[in-house]
Amino acid sequence: MPMFAYQALSRTGEELSGKMQAENTNAVAQALRTEGLRVLDIKEKRRSGFLGQDNFSDWYATQRSASTDALIFFYRQMAFMLRAGLPLAECIQLAATQVSSPRLNFALRKMHRDIEAGQSLSSALRKHPDVFSNIAINLVVAGESTGELDVIMDRLAIHLEKKSQLRKQMINAMIYPVVVILAAIGVAVFMVTMIIPKFAQFIQGRGKRLPESTQTLIDGAAFLRENGLTIIGVMIAIMILILITYKTYPGRRWIDRILLSTPVFGKLIIYGSMSQMNWASSILMRSGITIFETLKITADLIANKIYSDKLKRASESVMAGRDLASSIQHPQMPSLVTHMIAIGERTGSLDRIQQELGIYYQNLLEIGIKRLSAMLEPAMILIIGGMVGFVYYAFFQALFALAA
């Protein structure tokens, strides 16, 4: 049973303070009123257990994150139970017994206690910003006002599924190139450290002048052996510098601007950003969120700072009375998006238009990823084949020179 600290006034006006164990804050307030006290403040005291939590497992749960799959399952489950007519507190309690994520389970147990104490679902969600995103909280607020929490839970599940699908597509597209690059590095290290030194020792022991290709191979391998650690150190330093720069606001904007301008990858970033922006905006507006709030919430979802900052400025423009289409105009904003949004504003179907735009750009992203994979596979094969082929060419050139 949780412990609460309270402050109250007696009938004589004396201020009292103390501690009390109870099921929730309502029970504490009722007990104090029964004693004839006027309640001023009630706060739950944190446990003096393991680092402020009841036990080690709860502390360990707070150090982890809730997976996207666990949240999708939770939202789907909540939608089903709410449609079945179960009370909200019972839905949360049942969901806590079903989820596999320790962090989500911990949050749901805390939320159940808050809801039992009379708090709203949105208020309970706000206490766990590391689990529930800003879009989830705002959609739940809208659902509470309209009485459509089950619909909101379905929309949140769909939103996370779309987001997860995009991420998995990008990861799957990069698995093969990464594996091939690591294989190429492994082959190069093996040749430089094991094959080429023995090859060079054998050829140079014959005392003849080596062909240019063979000498280039031997000199290159010697350079890499002598300066390999320095090259690795410089590469690590550059990566650390990029990460530090990316942590700063100007640095992140600069890097994000460069990424948008890169061939192939820049288009994929644009497609992904437009898909996420339009899909999230559609869900928010269909749930009754204002355009001003929709832009602010969506800005926090977009990873690329160029688009994120533009949406934040657009929210201010919309608040000042400008239309959405002109507010989001930007050199990196596709003209199709601004034109379609302008049509949506004129026809009153902005949420549907943005939903269609989100689907359209997701399809473009999927096609772009498939094309990138198709381009990278032969490119990686050519790189490794070229490395091995050059070694063979240099080797046979040396053999022919020795035989002459």
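At what angle do the axes of helix H3 and helix H4 cross, and within what distance do they come? I began my notes with this pair, keeping in mind that the model is predicted.

**Entry 1, the helix pair.** I looked up helix H3, residues 68-83, and helix H4, residues 88-98, and found that their axes come within 10 Å and cross at roughly 140°. Angles over 145 degrees would count as roughly antiparallel, and H3 and H4 are therefore oblique to each other. I also noted the handedness, which is right-handed where H3 passes H4.

**Entry 2, the residues that meet.** On the H3 side I listed Phe73, Phe74, Gln77, Met78, Met81 and Leu82, and these meet Leu88, Cys91, Ile92, Leu94, Ala95 and Gln98 of H4. Sorting this contact by class, I wrote down 10 nonpolar residues and two polar ones, with no charged residue.

**Entry 3, the sheet.** I then turned to the strands, where three of them form an open sheet in the order E2-E1-E3 with antiparallel pairing. The edges are strand E2 (15-21) and strand E3 (38-44), each of which pairs on one side only. Leaving direction aside, I found that neighbouring strands of this sheet are turned by 20° against each other on average.

Methods
Residues numbered from 1 in each chain as written. Predicted model: local features only at pLDDT ≥ 70, side-chain atom pairs only at ≥ 80, totals over all residues. Heavy atoms only, no water. Axes fitted to C-alpha atoms, helices over the stretch in contact; angles between N-to-C directions. Helix = DSSP H or I, 4+ residues; strand = E, 2+ residues; numbered from the N terminus. Parallel < 35°, antiparallel > 145°, perpendicular 65-115°, else oblique. Left-handed = near helix turned anticlockwise from the far one by under 90°. Contact = heavy atoms within 4.5 Å. Nonpolar A, V, L, I, M, F, W, Y, C, P; charged D, E, K, R; others polar. Pairing = 2+ DSSP bridges.
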